[in-house]
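Colleague: Before we look at this model together, could you show me how to read its helix packing and its aromatic pairs?

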Amino acid sequence: SSKNKLALKKESVDSYGLKHVLVQQEYNGVPVYDGKLRFHFNAEERLTSVNGNYIPNIKLDTNPTLGAESASARAIQAIEAQDLNFSGDALIAKSNTLYVFPKGLAQGVAGSIYLVYEVEVTNTNDVREFVFVNAHDGTIVEQFTGIAHALDRVVYEGNVSNTAWEE
């Protein structure tokens, strides 16, 4: 439909002289989360491959009823309730972006489509969560972590008393 469009975001030529084009899917002017297509061309500028995601059949009210500030506050509350902030440093909403969000896309499953604010909640230390807040009713639609909270890896060489590497 005319509500759905692909917007040119970037054209580039790599070190081999090959052209690449990135387009972003938009619905009613709102970007579709991970709705990006990448077109790759050979030296003769013939299309050689396309990869990415295009979300068909979007039908959604793209006028949020919840403000961005309210979405940020709800995202911070959600993270506070999860006891992820081991350092105790103050949580902030580092970024807040309105998206058309196809739930399940990251898992490879077609799900419902929502209008959301993607709020990056962080304390710039040990918390970095991406919280997707429904822009109509304020519920949490999805959450992805940006930090592996329990990351404690050690590589031993020979036996456990000889640490070769750890993080």
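This is a predicted model: local features need pLDDT of at least 70, side-chain atom pairs count only at pLDDT 80 or more; totals for chains, interfaces and linings use all residues.

Colleague: Which residues of helix 1 are buried, and how are they arranged around its axis?

Modeller: An α-helix has 3.6 residues a turn, so residues three or four places apart point the same way. In helix 1, the buried residues are A71, S72, A75, I76, A78 and I79, and because they fall within an arc of 160° when seen down the axis, they line one face of the helix. E69 and Q77, on the other side of helix 1, are exposed.

Colleague: What do the buried residues of helix 1 pack against?

Modeller: They pack against strand 5, strand 6, strand 7 and strand 8. Strand 6, residues 113–122, holds V116, which is buried with a relative accessible area of 0% and touches, among others, Y99, F101 and F132.

Colleague: How is the geometry of the ring pair Y33 and F132 to be read?

Modeller: Planes over 60 degrees apart count as edge-to-face; for Y33 and F132 the angle is 80°, with 5.2 Å centre to centre, so the pair is edge-to-face. Y33 lies in strand 3 and F132 in strand 7, so this pair ties together parts that are 99 residues apart in sequence. Y33 is partly exposed, at 21% relative accessibility, whereas F132 is buried, at 0%.

Colleague: Which residues do ring pairs link into a cluster?

Modeller: The cluster consists of Y33, Y99, F101, F132 and F144.

Notes. Residues are numbered from 1 along each chain as its sequence is written. Side-chain values use heavy atoms; hydrogens and water are left out. Helices (H or I, at least four residues) and strands (E, at least two) are DSSP runs, numbered from the N terminus. Buried means under 20% relative accessible area, exposed over 50%, partly exposed in between (1.4 Å probe, protein chains only). Contact means heavy atoms within 4.5 Å. The arc is that of the directions from the helix axis to the C-beta atoms. Rings of Phe, Tyr and Trp (its six-membered ring) pair if their centres lie within 6.5 Å; planes under 30 degrees apart count as stacked, over 60 as edge-to-face and the rest as tilted.
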